[in-house]
Amino acid sequence: IVDLTQIDSGIVTQVGTYTGAGLRQAHNLAIDEVSGFAYVCGALNNPSMGGLIVLDLANPVNPVFRAFWSNQYVHDALPVTYESGPYAGRQIVFAFSGYFDTRLRILDVTNKFNIQVIGHSDYPNRGFAHQGWLSDDKRYIYLNDEFDELDFGVPTSTHIIDVSILTNARYVQSFGSGLSSTDHNLMVEGNFVFEANYTSGLRIFRVDSPSLVTQVGWFDTYPQNDNPGFNGAWGVYTKLPSGNILVSDIQNG
């Protein structure tokens, strides 16, 4: 647990370490800033063999364990508290379940003692449901599959799923750059999708509608090739106040 309050002065301080709930290792974590809960993904302990550990961050220096969800391995998650509309007040986790029956699962986590799967969605050429992000209006989720290019020989394919009705999520279609590189982490800003596509670097798409998605820019951090695989751009971050975009490349920084 790292205190970033003085980061602009070049000071970061480790203020704690969480080792509770029998946690041995995890893939990553996602935080719902509205509800104040963290969801540790790919959490290995007993009984959660790769599922979710739910932590209460009311005191961020001292997280408190609240729940396990161990029904399925979860590689990444997007937790959202709905603040308007028919789901107002509900806390939802979009769980990207790589391995073992891979797909998008939609969890209602409002009651931490009774987490429920309320919806799911399949899509073509499922290899490893990796990560995704909601559109600003929460109608669509954009999902990247990390194995489909290698496993099925398809070009880079990011999938659009209609989640306007959480209990009846519907696959819409896919989009991509036309290259063969593997797609990875993405974020959404307005009607733009910013996506790290490993060997083809950062790719930027404008979404005018699910049927009209256009690549409008790119920055190739890995010029050696555009082959499928796991070299190159791994992640992208779009939430800086400056509007600058961060992209991290495994080989090239």
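Which side chains meet in a salt bridge at 3.8 Å, N to O? Those of R126 and D101 do, a salt bridge being a side-chain nitrogen of Lys or Arg within 4 Å of a carboxyl oxygen of Asp or Glu.

The structure is a predicted model, in which local features need pLDDT of at least 70 and side-chain atom pairs count only at pLDDT 80 or more, while totals for chains, interfaces and linings use all residues. Residues are numbered from 1 along each chain as its sequence is written, and side-chain values use heavy atoms, with hydrogens and water left out.

**Salt bridges**

The structure holds 11 salt bridges. Three of them are listed here with their N to O distances.

| R66 | D56 | 3.2 Å |

Strands (E, at least two residues) are DSSP runs, as are helices (H or I, at least four), and they are numbered from the N terminus. R126 is partly exposed, with a relative accessible area of 30%, and D101 is likewise partly exposed, at 42%. Here buried means under 20% relative accessible area, exposed means over 50%, and partly exposed lies in between (1.4 Å probe, protein chains only).

R103 is buried, with a relative accessible area of 13%, whereas D122 is partly exposed at 33%. A network of salt bridges links D101, R103, R105, D122 and R126.

D56 and R66 also meet through their side chains in a salt bridge. Because D56 lies in strand β5 (residues 49–56) and R66 in strand β6, the pair ties together parts that are 10 residues apart in sequence. D56 is buried at 14% relative accessible area, while R66 is partly exposed at 36%. Strand β6 (residues 64–69) also holds F68, which is partly exposed at 29% relative accessibility. The C-alpha atoms of F68 and I53 are 4.8 Å apart in space, although the two residues are 15 apart in sequence.

**Nonpolar cores**

A nonpolar core is a set of buried Ala, Val, Leu, Ile, Met, Phe, Trp, Tyr and Cys residues joined through side-chain atoms within 4.5 Å. The largest such core has 18 residues, of which F94, L104, I106, I141, V163 and L166 touch the most other members. At least two residues of this core come from each of β7 (76–81), β8 (91–97), β9 (103–108), β11 (129–134) and β12 (140–145). Strand β8 gives the largest share, three residues.

Beyond its neighbours within four places in sequence, I141 is in contact (heavy atoms within 4.5 Å) with residues including L78, F94, L104, W133 and V163. A second, separate core has 14 residues, among them C41, A67, A77 and I115.

**Positive phi angles**

A21 is not a glycine, yet has a positive phi of about 55°. A21 is placed in the loop between β2 (13–14) and β3 (28–32) and is partly exposed, at 24% relative accessible area. K138, also not a glycine, has a positive phi of about 65°. K138 is found in the loop between β11 and β12 and counts as partly exposed at 28% relative accessibility.
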